[in-house]
Amino acid sequence: MTQNERYEAAVKRKCHLQTIAKRQGWSEGSPELYYSYRTLSGDLAFSIHTVFLKSLKSLGSEEQIAKWAPLCNDFQIIATYAQTELGHGTYLQGLETEATYDAATQEFVVHSPTMTATKWWPGDLGRSATHALVQAQLICSGARQGMHAFIVPIRSLQDHTPLPGVTVGDIGPKMGFHHIDHGFLRLDHVRIPRENMLSRFAQVLPDGTYLKVGSLQINYLSMVVMRVDLLLGEIIPMLQKACVIAIRYSVIRHQSSLRPSGPEVKILDYQTQQHKLLPQLATVYAFHFLASNLLKFFHSSYSAILNRDFSHLPELHALSAGIKAMVSDLCLQGTELCRRACGGHGYSKLSGLPSLVSRVTASCTYEGENTVLYLQTARFLVKNYLQAHGSLGSTSQIFLPKSIAYLTTPYQARCPAQKAADFLHAKLYTAAWAHVAARLIKDSAHHLQTLMQSGADWDEAWNQSTVLHLQAAKAHCYYISVKNFTETLDKLENEPAIQQVLKRLCDLYALHSILTNSGDFLHDGFLSGTQVDAVRTAYLNLLLLIRKDAILLTDAFDFTDHCLNSALGCYDGNVYERLFHWAQRSPTNTQGNPAYEKYIKPLLQSWRSKL
Amino acid sequence: MNQDLRREREAASFNPELLTHVLDGSPENTRRRREIENLILNDPDFQHEDLNFLTRSQRYEVAVRKSANMVKKMRDFGIADPEEIMWFKKVHLVNFVEPVGLNYSMFIPTLLNQGTTAQQEKWLLSSKGLQIIGTYAQTEMGHGTHLRGLETTATYDPETQEFILNSPTVTSIKWWPGGLGKTSNHAIVLAQLITKGKCYGLHAFIVPIREIGTHKPLPGITVGDIGPKFGYDEMDNGYLKMDNYRIPRENMLMKYAQVKPDGTYVKPVSNKLTYGTMVFVRSFLVGEAARSLSKACTIAIRYSAVRHQSEIKPGEPEPQILDFQTQQYKLFPLLATAYAFQFVGAYMKETYHRINEDIGHGDLSELPELHALTAGLKAFTSWTTNAAIEACRMACGGHGYSHCSGLPNIYVTFTPTCTFEGENTVMMLQTARFLMKSYDQVHSGKLVCGMVSYLNDLPTQRIQPQQVAVWPTVVDIDSPDSLTEAYKLRAARLVEIAAKNLQNEVIRRESKEVAWNLTSVDLVRASEAHCHYVVVKLFSEKLLKIQDKSIHTVLRNLCLLYCLYGISQKAGDFLQGSIMTESQITQVNQRIKELLTAVRPDAVALVDAFDFKDVTLGSVLGRYDGNVYEHLFEWAKKSPLNKAEVHESYYKHLKPLQSKL
């Protein structure tokens, strides 16, 4: 289908689903709608509509929510969230769009002063949205007050044409998300009433006085909300599906033989294929539990924040930033690995894998570019480390947030493991990651201090040590994910069979992560060369054990064939028949070949006339 | 020109033109390449709309049109010399996939390599002039890299002196050949030869598939397009199913093996010769990896010089993102890799030509090593490049995701290299097989030569992981030669570990093959280390040939960066093998950061030296003049979704929804 057709189909599906939801009484954010999205693989328009609604609920006052939420729920308006600009992304303070308060008319004048200030990328903006929640620099009584959110009507509710002063359109084809009309928006002195500024945490009084409640970071709240939602809703399912497809296909595909005259072997029986796929399976299980627990932590802190208790916000922000970066990075790598593990057929769109890759890859840059996010986590780590250890080097009794409590626990200098089997103990490998994370955080903090002692100011020193901070933040996230997986297992003691199979995945996840970062573990002699060899032995043995359960472990994700949309990954395993059948339906086969008549035929004939 | 880029170019420490000459091989090559580029790029017949806005069918049509024009032009210009054709096509193909390409890259070469003189006389002329459009059909739906598993059969019938071709199962349907779906009228088909009731393995047959004149599939032939892919929208990759389809005996390519009219099979003399084409294609792919990565680096580095974001110091203007250490850490090692692969690609090409001459003189001695090396290097460079293009794309943030950046296209066009012409893991294992063979040879007292000669030193300098005092002080992290030695030790150590683990498994398991499978993760690691060593070695040797001092300095920094970054990424291997100490690794990490700062002023000039034209890059972000944002906006306005002010789906779906609720 063309981009136009795909967009139209997505709009149609969404409208139909909305009618059903209305009839059934499913509300926005309900599990029923979440399951419907899962069923339809999210190929729907107006996904940002929900983001608007969530931002409204976290940043809007009670009156504002009462006014706009019903309009939104009933699709009287279609809304989007416009933050990113052509020249500015993750760095919020750099945004150029301005909202200047005019006390005379009690209105804001919203304006895009430069080309680079053009809003760029918001989903549903290109062709669909009637309203946008615009992030803009607030200027009132002559002073700049930083970023705030404004509801700006952009298209007529009568005939859908752009309103005066509004230039809006689609930003053109992308690697994926062909069904979404990502858009651009230029505002030329567009006036909106004072009440359209979301004012739970900051308001402008009619006379232009600016009032503020809460911390600076509060503007990041809607980004935190989105990040947490994306993990389970959008990012992790991509790797789950990729694992289902690649692992199912790997028991259908036979290639070469292990013995000279033996039959061709299932490719999943090759050690190299197991080494590619099974760590991905372990990773996606690890991430599932990680994201679920983050969501729980988020809900408990979120209600506190709405009641203006901000004590958990820094930790929540740091955790969600680092975890989003780690999950999206590794889900992309894993999905792409699964695609290539299917050989040539993984390159065909009929495998379903290319669209998973091109979709999950976007998650590495949207909602905060991953490097920037890791560095936000690192800032939190370094700050707390320095506070906990004081400038005098004494460990003062200060209270650290739970996720980084390990920074003050004394750690072992050497890993006590003697043999391969010792590495199958959750406590042992969790402690190993704690050791490495703590060491890297310590090193990066000290490096920063050294640079500052030799005359650099904080900002310069920070930039000169960011590569170290990045490594420290990654190690921290690994530690969190390993620890979280082991804690999840502890809660499964009533399901011994499940616990056992998940324990293997947890071991595999932890050992694989140690092997891929072995330098960090060898660096200060925490692990010896012999111990790393033992880790490798334990790891290779696990591959064989998990191999047996691989199919059931992917079946457990419970995706329908329709939802996978893959000729390689269907439940019944009739790969080749389906591939042949689907290919024949391709428009290139059902429609004529105009290129033959126009170019190939004349080419052949021009030759003949010369003979 | 954008002010930032102008400043970058003025501040460079060397003249990029001289570096371009190094990359092309000589100033004369640079001149000739540009001449032909201009010939094509200024030709109105090759102009077309931005492909990003076209449907797949339209893109196919544009591609066929360009191919047809190209053939006519070559005829008009009288370009007939194979070298000239290569020049002409190379430019033309820079960012373009052509459905008739397989005719030149596979059909004709196979005919030349495997056809008898009589067969060449019969088919060559008409296929060169595209009266016959040929393709090469090897891969089947159920079988890829493992050739012996192919199922298509060609059974000889002495009665009629014909072969009967059959696709006996669904999995035996030929799948993937380029140009097969809609364009070609002939195919060279690989099939299991059966004569006098016996199967003799794979042989090549020329099979007519479409009727000349009407282009309709011939009776007994089912042929079509395999549907949409990740990339290669222009290419009609196809399927082919044959049912008791008869071709004359003369259509089997019989330069080596033959079937006599009575059905007697005559064996070929040597099968090593068939390596030739594979070696050629794989060494070409190494060059392809270098070019694709160079393009991606050009785009990402130019854009990073134009893009401003955040602040390093509060209150100061937003800096170029290329000034962030993390951005440099992402991109400069990739730039160094691009240069490394450029030199490896050039080396492979030279070696191929040199060895080809030897083969001409009947000397096949170097072929096995070259075959093993090309397999591994193809896998090593394509895996690295695949990840690197993605990293460049993501380094451009959100805009990298838009087709305007050109990076999604570069990626999807390059990524099949990891699976075609031999799946990478299988390729690595082929190299490993050669390494194991060499190891055994050394063990039994014989010397080995070539790139694996380091194995000769093993028995005397046995590596003992526990003895820390063997080499640590030897490595000088400021000397490419010394670093090459470090990579050599790593390769030697990992080859030895794999060999020993393999031996242990062989003792414990019932068969060699099972043992091989249970060691394969180690074997792949050993091959990777070997290839990494080869790349490092070729890069540092290249430095010796650079005359110009400023060019030498900047390339030396890149070479060091490439070596040290690799060590830092694989620190575990270097520590575990006691090749380097912990404090050396700390120094390596420190030195990398210094090198980032050293490369920074030359970054833009280093990508300028790749000398890609804007049309070739196909990227708004990577424009030479750096006027990114203006052109981004202009480009977006051309999007098909913007054709009408109010999209029709508003009337069809949105409006009814709003009134219904």
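Tutor: Start with a term: buried area is the accessible area (1.4 Å probe) that two parts lose on being put together, summed over both. Keep in mind that this is a predicted model.

Student: How much area do chain A and chain B bury between them?

Tutor: The size of an interface is often given as the accessible area lost when the parts come together. Here chain A and chain B bury about 11,400 Å² between them. Carbon and sulfur atoms carry 60% of that area.

Student: How many residues does each chain bring to the contact?

Tutor: Chain A brings 133 residues, and chain B brings 130 residues.

Student: Which polar links cross the interface, and how many salt bridges are found there?

Tutor: Between chain A and chain B there are 48 residue pairs in polar contact, with both partners at pLDDT 80 or more. Three salt bridges cross the interface of chain A and chain B. One of the salt bridges joins the side chains of Lys598(A) and Glu61(B), at 2.4 Å from N to O.

Student: Which helix gives the largest share of the side of chain A that touches chain B?

Tutor: Helix α19 of chain A, residues 594–610, gives 13 residues, the largest share of that side. By residue class, the side of chain A that touches chain B has 48 nonpolar, 53 polar and 32 charged residues.

Student: How many salt bridges does the whole structure hold?

Tutor: The search over all chains finds 53. Take the side chains of Asp555(A) and Arg248(A), which meet in a salt bridge at 2.9 Å, N to O.

Student: Which parts does the pair Asp555(A) and Arg248(A) tie together?

Tutor: Asp555(A) sits in helix α15 (residues 529–555) of chain A and Arg248(A) in helix α5 (residues 221–252) of chain A, so the pair ties together parts 307 residues apart in sequence.

Student: What about cavities: how many are of 30 Å³ or more?

Tutor: The structure holds four. The largest cavity has a volume of about 70 Å³.

Student: Which residues line the largest cavity?

Tutor: From chain A, the lining takes Val467(A), Leu468(A) and Gln471(A). From chain B, it takes Tyr329(B), Asn589(B), Ile592(B) and Lys593(B). The elements giving two or more residues to this lining are α12 (466–490) of chain A and α18 (582–599) of chain B. The lining of the largest cavity has four nonpolar residues, two polar and one charged.

Technical notes. Residues numbered from 1 in each chain as written. Chains lettered and ligands numbered in written order. Heavy atoms only, no water. Contact = heavy atoms within 4.5 Å. Salt bridge = Lys/Arg side-chain N within 4 Å of Asp/Glu carboxyl O. Polar contact = N/O pair within 3.5 Å; in protein donor to acceptor, adjacent residues only side chain to side chain. Helix = DSSP H or I, 4+ residues; strand = E, 2+ residues; numbered from the N terminus. Nonpolar A, V, L, I, M, F, W, Y, C, P; charged D, E, K, R; others polar. 1 Å grid on protein atoms, 1.4 Å probe; cavity = no way out; pocket = protein on both sides within 12 Å on 5 of 7 lines; lining within 4 Å. Points joined across faces, edges and corners; volume = space filled by probe spheres on them.
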